[in-house]
Amino acid sequence: MITIVDYGLGNIKAFANVYKRLNIDCCYAKDVSALSRASKIILPGVGAFDHAMDKLNKSGLRDCLDELVLDKKVPVMGICVGMQMMADASDEGVADGLSWIKGRVRRFSYENEKIAQACPLPHMGWNNIQPQVGSALLHGLDEAKRFYFLHSYYFDAADAASVVATANYGIDYACLVNRDNIYGIQCHPEKSHHNGVALLNNFANL
Amino acid sequence: MREFQVCSRCVMDTTDSKIVFDSNGVCDHCLDFDQNTKPNWHTDERGRAQLQAIVEKIKKDGEGRDFDCIMGMSGGADSSYLLHVAVKDFGLRPLVFHVDGGWNSQIAVNNINVMIEKLGLDLYTEVINWEEMKAFQLAYFRAGVPNIDVPQDHAFVATLYNFADKYNIKYILNGGNISTEVVRNPLDWLYYGTDMRQIGAIRKQFCDDPLETYPFSSVLRHKLYLRYVKRVQVIKPLNYFPYIKEEAMQLLADEYGWQPYPQKHFESRFTKFYEGYWLPRKFGFDTRKVQYSSLILTEQMTRQEALEKLSKPAISDEEARHDFEYIATKLDISVDTLQEYFDQPNKSHRDYPNQETMYNIGAKILKYIGVERSIKR
């Protein structure tokens, strides 16, 4: 069953609502026994990187999560800060990330004054994503692959091969990353209506 | 045709077709303020004590819950200051809710972000389906009525009420206030955005999208059912103490890095275009007259200052041209098509089926029982 990690962060009900509408079973996992039954995992996240890592580390779910994702290869999708947590570290804090996909989370920063003015932080609103490689997650989306974003930091992947799609906000940056069974998405599928529903459905059908 | 006349006390004039003047040339907005609003508006110790009692009740009812109330945040001055007061002065724990209709200005985004970060709060964002918003807004352009901002307004109101209802939140904090809004926009200018009969008629005739996810809420549901059956209360804290807009904006700038913007409601790119260009140039309705008149009555602006500001357009011709292009592009129509909408004959909300009579009766009842002090007309 699709299992949403409930470590006290993120609007987890929003994901459950989408899956309910799609008639796909999903549940929340607050403890190891619930999490260990997961066949797919959604790792949500909002707020600051360190706070999110701290909450996850103290949730008692961390070891089980690492085992499921790294050893048992259960598909996982990190969303927004949940995606950023999959990196090694973040400019936003000092905590170690999960190191599931090599890379560092960086703050948008522009030397060009004009671009800086045109791209205030946070990046909030609709933006198109540009697929870089084919991915089952992107099947059935509108031609204009518009998603909803709300963030000031982005995932700077160490290995270009892990970048599935990019978005442009003053710079091109990775908004969808993937390594093996691990997926991370910067935008909010749960707020992106048709395209978001399609993407969450695709994840369920992986 | 009626001779043009400006109120001798505020700056409302005969572009408000129902305005009446007394023998001294003072308009009914001013007289309504003197007779009905001012005597019942207490921003002294009495108001503060009333608010304190309400706050205690909110806190008590919210014990053991993640949030004790909910408030919408647009990034504008009223909601930003309300958030500051609610958290810092009264120790409330609001769920801060932002509805993104797709038209946030950069300043709005900055203001929401700096306040949320500094106050250490979470932001709940509800995003309206952009394709639907676009189709709904285009329907209003095609209908030719003045209030083309209904698709955004309705979504903001409906989403907040729907959320409060769904999660059983009993208190909604609202930034609405007498200090800057005592003079109401005439109905001819900004007709009710919650009139479902009118919305239905305009959708049927002009909207090619079924609007499957767009949030609707009828006025009967949120003003009667939610308020009196589900006991969801709307509190307007800014009416219980002195709210001086200039001072509030300065405090927000100093304390949070909040950015002022040139005119009320300009935190939305669409509303800026609509109130700054479309409404005054196509219909001759300038909402600044309403805003400045409120500030004159509550002694935050002189009539002379207001008249000087009104002698210049809200947005310059060059900015208007730029905005015209921006709006057309974002709505996926050509500039020529938008110009066609602009040039087509002006319609009124009365040209389409509506529930104005029901609203008028409701407004009279609310005034009679003391819930509303002044009547929108």
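**Exercise 1. Determine which residues of helix H11 (residues 269-283) of chain B meet which residues of helix H14 (residues 317-330) of chain B, and how the two helices cross.**

*Solution.* The model is predicted; local features require pLDDT of at least 70 and side-chain atom pairs pLDDT 80 or more, whereas totals for chains, interfaces and linings use all residues. Residues are numbered from 1 along each chain as its sequence is written, with chains lettered from A and ligands numbered from 1 in the order in which they are written.

Step 1. B:Phe270, B:Phe273 and B:Tyr277 of H11(B) meet B:Ala320, B:Asp323 and B:Ile327 of H14(B). Contact requires C-beta atoms, placed from the backbone, within 7 Å; helices (H or I, at least four residues) and strands (E, at least two) are DSSP runs numbered from the N terminus.

Step 2. This contact comprises five nonpolar residues, no polar and one charged (nonpolar: Ala, Val, Leu, Ile, Met, Phe, Trp, Tyr, Cys and Pro; charged: Asp, Glu, Lys and Arg; polar: the others, Gly among them).

Step 3. The axes lie 10 Å apart at an angle of about 130° (lines fitted to C-alpha atoms, for helices over the stretch in contact; angles run from 0 to 180 degrees between N-to-C directions). H11(B) and H14(B) are therefore oblique (under 35 degrees is roughly parallel, over 145 roughly antiparallel, 65 to 115 roughly perpendicular, the rest oblique).

**Exercise 2. Decide whether helix H5 (residues 130-143) of chain B is largely enclosed, and identify what covers its buried residues.**

*Solution.* Step 1. Eleven of the 14 residues of H5(B) are buried, so the helix is largely enclosed by the rest of the structure (buried: 20 or more other C-beta atoms within 10 Å of its own; exposed: 12 or fewer; partly exposed: in between; C-beta atoms are placed from the backbone). Among them are B:Trp130, B:Phe136 and B:Tyr140.

Step 1. The cover includes strands E7 (123-131) and E8 (146-151) of chain A, together with H6 (150-166), H8 (196-206) and H15 (335-343) of chain B.

**Exercise 3. Describe the contact between chains A and B.**

*Solution.* Step 1. 13 residues of chain A are in contact with 14 residues of chain B.

Step 1. E7 and E8 of chain A each supply at least two residues of the chain A side, which divides into seven nonpolar, four polar and two charged residues.

Notes:
The expected span of a helix is 1.5 Å times one less than its number of residues.
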